[in-house]
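Hi everyone, thanks for coming.

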Amino acid sequence: MLALGVGALSGCGPSAPDPDIDGVGPETAATPQAQDLERSLEGIWSTGVSSGDDAETIYAIEWLSAGDLRILRDGRWLAGTVEDVDVDNQTLAFHVTRENGPDETVTLRKVQDAASGEGFHLRVTWAQGQTETLGFVRRLTDRDRQAIVLEVRQSTVLPEAVACGGDAPAGSLRATLACSQSEFAELDRGMRTQLVELSARYPDGDRTAAAVVQQLDACKTPECLREAYAQWQTYFDENYDLGDVLDYL
């Protein structure tokens, strides 16, 4: 979701060092100091605003032991990687890639709380200069980590293009309606999201998902398809715990 264009930061870095001179620039993501900075950002963060148009924004940041971060913003995965860590200035550049849109780099900066002198908040600066100030909410729980894995997996398996037709056979009723009517596009997208989670979390998930797809594709009328979606949704609600996995607060 992002590419850094903040002039105040872009002009601060040192020029490329002479190959015969030891480098003295910011720490890279490979150093222990840089990894300590990355790890310190892990947790649930919030803008703390939840009124009117300025609705509260929630971030979930997970540090990976192999290096790098995984970031969710309001439950949506920001597909990207850490591209620079500046320990001296307590900043981290996170490059976000998109299939449908331009790449960006967002900057995360730790800022010490002036009032108490203890703790810190997180300043997030987007490519076009928009900023968000985040306060720490709590550490990640096992449930949060599971939700992050599921969201990353779903985002990989279900790109935005899947909204039209998904995995339905070309020319089938399901594909036709999903690409022509918003009602069926939403039903198909919601069902596919649940099927990915079902397969990831339950031993019988793959078998059940296959049965769902078979029944949906067997329908020859919109009424049949609509009823099949409703019946399977009721079955999921009664037998599985799907959706709303990331219980932030």
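Let's begin with helix 5, and with the residues it keeps buried: F184, A185, D188, M191, R192, Q194, L195, V196, E197 and L198. Before I go on, a reminder that this is a predicted model. Helix 5 runs over residues 182–201, so count 20 residues by DSSP. From the first C-alpha to the last it reaches 29 Å, close to the 28 Å you'd expect at 1.5 Å a residue.

Now, what does helix 5 pack against? Find helix 7, residues 222–239: the two pack at an angle of about 35°, and their axes are 11 Å apart. The crossing is left-handed. On the helix 5 side, the contact uses E183, F184, L187, D188, M191, Q194, L195 and L198. Helix 7 brings P222, L225, R226, Y229, W232, Q233 and F236. Sort the residues of that contact by type and you get 10 nonpolar, 2 polar and 3 charged.

Next stop, the cysteines. How many disulfides are there? The count comes to 1. C219 is joined to C224, with 2.2 Å from S to S. Look along the S-S bond and you'll find -65° about it, which makes the link left-handed. Are its two ends buried or exposed? C219 counts as buried because its relative accessible area is 4%, under the 20% cut-off. C224, at 31%, counts as partly exposed.

Okay, over to W45, which sits in strand 1, residues 43–46. W45 is buried, with a relative accessible area of 1%. What does W45 touch, if we skip neighbours within four places in sequence? The contacts are S40, T57, I58, Y59, I61, F120, H121, L122, L134, G135, F136 and V137. Check A60 as well: 15 residues apart from W45 along the chain, yet their C-alpha atoms are separated by 6.4 Å.

D74 isn't a glycine, but has a positive phi of about 50°. You'll find D74 in the loop between strand 3 (69–73) and strand 4 (76–78), and it's partly exposed at 43% relative accessible area. Q90 isn't a glycine either, and its phi is positive too, about 55°. Q90 is in the loop between strand 5 (80–86) and strand 6 (91–96), and at 26% relative accessibility Q90 counts as partly exposed.

Methods:
Residues are numbered from 1 along each chain as its sequence is written. This is a predicted model: local features need pLDDT of at least 70, side-chain atom pairs count only at pLDDT 80 or more; totals for chains, interfaces and linings use all residues. Side-chain values use heavy atoms; hydrogens and water are left out. A disulfide is a pair of cysteine sulfur atoms within 2.5 Å. Buried means under 20% relative accessible area, exposed over 50%, partly exposed in between (1.4 Å probe, protein chains only). Helices (H or I, at least four residues) and strands (E, at least two) are DSSP runs, numbered from the N terminus. The expected span of a helix is 1.5 Å times one less than its number of residues. Axes are lines fitted to C-alpha atoms, for helices over the stretch in contact, and angles run from 0 to 180 degrees between N-to-C directions. A crossing is left-handed if the near helix is turned anticlockwise from the far one by less than a right angle, and right-handed if clockwise. Contact means heavy atoms within 4.5 Å. Ala, Val, Leu, Ile, Met, Phe, Trp, Tyr, Cys and Pro count as nonpolar, Asp, Glu, Lys and Arg as charged, and the others, Gly among them, as polar.
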